[in-house]
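Please look at the sequence and the structure below, and keep both at hand while you read.

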Amino acid sequence: MSTTETQKIEELANKEYEFGFVTDIESDTLPKGLNEDIIRQLSAKKQEPEWMTEWRLKAYRHWLTMEEPHWSNVTFPPIDYQDISYYSAPKSTPKYKSLDEVDPELLNTYKKLGIPLEEQKILAGVAVDAVFDSVSVATTFKDKLNEMGIIFCSFSEAIREHPDLVKKYLGSVVPYTDNYYATLNSAVFSDGSFVYIPKGVRCPMELSTYFRINAANTGQFERTLIIADDNAYVSYLEGCTAPMRDENQLHAAVVELVALENSQIKYSTVQNWYPGDKDGKGGIYNFVTKRGACRGTNSKISWTQVETGSAITWKYPSCILQGDNSIGEFYSVAVTNNMQQADTGTKMIHLGKNTRSTIVSKGISAGRSNNSYRGLVRVGKKAENARNFSQCDSLLLGDKCGAHTFPYIEIDNPTAQVEHEATTSKIGEDQIFYLNQRGISTEDAVSLIVNGYCKEVFKELPMEFAVEAQKLLSISLEGSVG
Amino acid sequence: MENITDIKKYFINQFDEFEKSLNGEKTSEFHQVRKEALSNFSKLSVPTQKDEEWKHTNLSPLLKHNFSTLVHKENVSSEVITNFLFDKTEHSLLVFVNGIFSPELSRLIEIPKGVVIGSLAESLKNNHPIVKKYLGKYAKDENLFFTTLNTAFTKDGAFVYIPESKVIEIPIHIIFYTKTGSEKIITQPRNLFVAGRNSQVTIIEHYISDEENIYFTNAVTEIVADQNAIVDHIKLQEESKKSFHIARMEVDQERSSNFSSHLISHGAEISRNDFNARFNDEGSECILNGLFMIGDEQLFDAHTMIDHAKPLCNSHEHYKGILQDKSKGVFNGKVMVRRDAQKTNAFQENNTILLSDDAVINTKPQLEIFADDVKCSHGATIGKLNDEAKFYLKSRGIGEKSAMAILINAFAIDVITSIKIPSVRNYLENIIAKQFIG
């Protein structure tokens, strides 16, 4: 490669994280540390009913008996759970009636991130439940959704106003005993989103939440619960950016999806948290438990994710296919650059008859990063005629990165048809040459090829996200061509 | 039922008596290796399903028994062995009865000067320099329970040494025959095959028993393929359906060497095969084929690992399984491409057919890649026999059973066709036919 190109590449590689800035707002923060008192205080601050406090404490007590897991293909320094503040809310709560009342500085932050709340309301048709740190600040389009009986609100509000629904479904997919981080989340979750789509309703717009970690040293413990009742449909978007921080921030969210008869949930994520600088300093730990249960017959859950950020991504959005004829889908693009680590994949648990699942995972590793796909396809004894197709491809840019695949296939029923294939390759010199020859710079050529490679996944994303995802991808890979 | 610590203690306690049975050999250099292995062994615990490597393999049926390490010499007539020979082809034959070399049953054909085909015990006694150099060099991981056990109790096994530029055209057929008396026994063959530069050899490891008895085979095989050597290895595991078979094979490949392995397995209640191949230099090739056919409550477990430590090597791995009744199959295939191993080609495939409702397969084809200029792929399929294909055959007047047999044969055959010796191929085709036509 020529020297000018190398220079350009170096220049781009040294580019700082674009979305790194800190909003200076007073936060109402609990002291660092974790014990039963903190949890009681947290619960009291959020004016939660007794049963919720008890549930949190139950989870906390269970958490104390657990050990931090270390089986994944990632390494990180030990986390001091007593050195985290478990609650941080922007001072200027309570709720606003209109956007004018919102702290202008907050709104500015959103603008910098490219979330024009006001415009979005009119133009995009996207209802935004923006979570700034831990408390929902503005919820738009609520009235419109209300008319259809759709509940789309913050988790705290749901606990207050729809306790029956929360009680019925909270922890029903990811029990509080599930795993170390999910249990921690159950004990200390701060806020999140709650969605309920009633019977026969097709949600007319894409629901979306922007998560953002702000106050320093505040781990974010989001909790999302989405329920699609019989014959309902909802598409939910989750997107994240975070300001630059030097200390590692733990993010242990839990997402639970429940799909009842004939319903469909589409959950899309674009994750672009701060990945740390190029020596691996700083960055977010993204340890998330995401799971959906296809409870009803003919239900469908589809996960789409584009993971470009975080120092460590460790998550497996999964589908439990309980209902007959239910369908699970997983489409993922995971990009790691510099010192980033990703151990991600999915679990498809086939329990019902004629259940089907599709897994398409595209890993891209650059720099000195490590990218692992870890997936499980299990076909239970009673899952007649289960069908799975898995494809996981890895693309390596540079010779110092690693790509790994750990597919687990466990079949208990002979009528199952399971296919798995994986490939690992790099971008061919001839491909680059072909594009160079037509006047396309190497950087653009790589971007073009990588976008083509990820097309299968991007086409599953809602329109607005697809554009953003492509942009993100080229930003994440800038300077990685060598 | 014995509990887990007991089986460990049990073996440790037997060591003294084992030592006595070695007679004068106690003072040899290798005995230190045994003792060291025993001390390592005493620190290990029996693998359980909590260990990732043993996640799907429950060893508790094995732990129920106490197997004696003291093996009595059994008289076996050559007619018994004849049943297991391939056709009437004349191969060099080494026979081990209960893990001990039996010269009267063995015969060697046309051995050039310098070539050693014989018993490890004898070469240990003679202090053969090659044995000294290589034995225990590759299967030395002190954390492996069964391998360490084998090292501690190493007494005999097959030793083959082909010096530089020698080509052994006649395949070497090594039979491990187990005949138990009143006692349940453990046999622990330790094999060492060394192929020098530019040499060529074909070796068949054949584990058999013609009784349905409970015993335990814990075998370790080390293979060295030096520069440009061509080594074809075939392993047939036809142990008693009540026995336990745990085997480890370590292969070391030097520059431009060529190694191929075929594993055909249908015996034993629990059989576990660990296979590790390592490319130590550029330009080598490794072919790894496997076929397992199990039924009843048998369990077959294969863990393979191909280590592309150096650039420009090729590996092809293809494992197929046919599972009946309540049998359980485990396949864990790992391909590791290290940082500088550019221009690596590694292909891996695993196909399994489940013939019954209660059969279970757990497969994990795993790739770990740290180099960018590589071509690697893996694939896994699991399914049952194609109903349409069966219907097609039936509509042409072929009975259900024969139709099944034809389809299974078609599925299994491509693992076998790459075996170069026709008589072995025929023998295997008969085994497949016997398994599924009955």
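**Where the chains meet, and how helices pack**

Strand S24 (residues 417–426) of chain A and S20(B) pair in the antiparallel sense over 7 bridges, where two strands are said to pair if DSSP finds at least two bridges between them. Helices (H or I, at least four residues) and strands (E, at least two) are DSSP runs, numbered from the N terminus. Within this pairing, A:Val418 stands opposite B:Ile382 in S20(B).

Before going further, note that this is a predicted model, in which local features need pLDDT of at least 70 and side-chain atom pairs count only at pLDDT 80 or more, while totals for chains, interfaces and linings use all residues. Residues are numbered from 1 along each chain as its sequence is written, and chains are lettered from A and ligands numbered from 1 in the order in which they are written.

Taking the two chains as a whole, 30 residues of chain B are in contact with 30 residues of chain A, two residues being in contact if their C-beta atoms, placed from the backbone, lie within 7 Å. On the side of chain B that touches chain A, the elements that give two or more residues are strand S19 (360–369) and strand S20 (374–383) of chain B. The residues of that side of chain B comprise 14 nonpolar, 9 polar and 7 charged; here Ala, Val, Leu, Ile, Met, Phe, Trp, Tyr, Cys and Pro count as nonpolar, Asp, Glu, Lys and Arg as charged, and the others, Gly among them, as polar.

Chain B is itself divided into domain 1 (6–281) and domain 2 (385–438), with bounds that come from an automatic or database domain assignment. The centres of domain 1 and domain 2 of chain B, taken over C-alpha atoms, are separated by 31 Å, and the contact takes 11 residues from domain 1 and 10 residues from domain 2. On the side of domain 1 of chain B that touches domain 2, at least two residues each are supplied by strand S8 (200–208), strand S10 (230–238) and strand S12 (258–265) of chain B.

We now turn to helices. Two packed helices are described by the angle between their axes and the distance between the axes. Axes are lines fitted to C-alpha atoms, for helices over the stretch in contact, and angles run from 0 to 180 degrees between N-to-C directions.

In chain B, helix H8 (residues 387–394) and helix H9 (residues 400–416) pack at an angle of about 125°, with their axes 9 Å apart. That angle makes H8(B) oblique to H9(B), since angles under 35 degrees count as roughly parallel, over 145 as roughly antiparallel, 65 to 115 as roughly perpendicular and the rest as oblique. The contact is made by B:Ala389, B:Lys390, B:Leu393 and B:Lys394 of H8(B) and by B:Glu400, B:Ala403, B:Ile406 and B:Leu407 of H9(B), and these residues divide into 5 nonpolar, no polar and 3 charged.

In chain A, the axes of helix H10 (residues 429–437) and helix H11 (residues 442–458) come within 9 Å and cross at roughly 120°, and H10(A) and H11(A) are therefore oblique to each other. A:Gln431, A:Ile432, A:Leu435 and A:Asn436 of H10(A) make the contact with A:Thr442, A:Ala445, A:Leu448 and A:Ile449 of H11(A), and by class this contact has 5 nonpolar, 3 polar and no charged residues.
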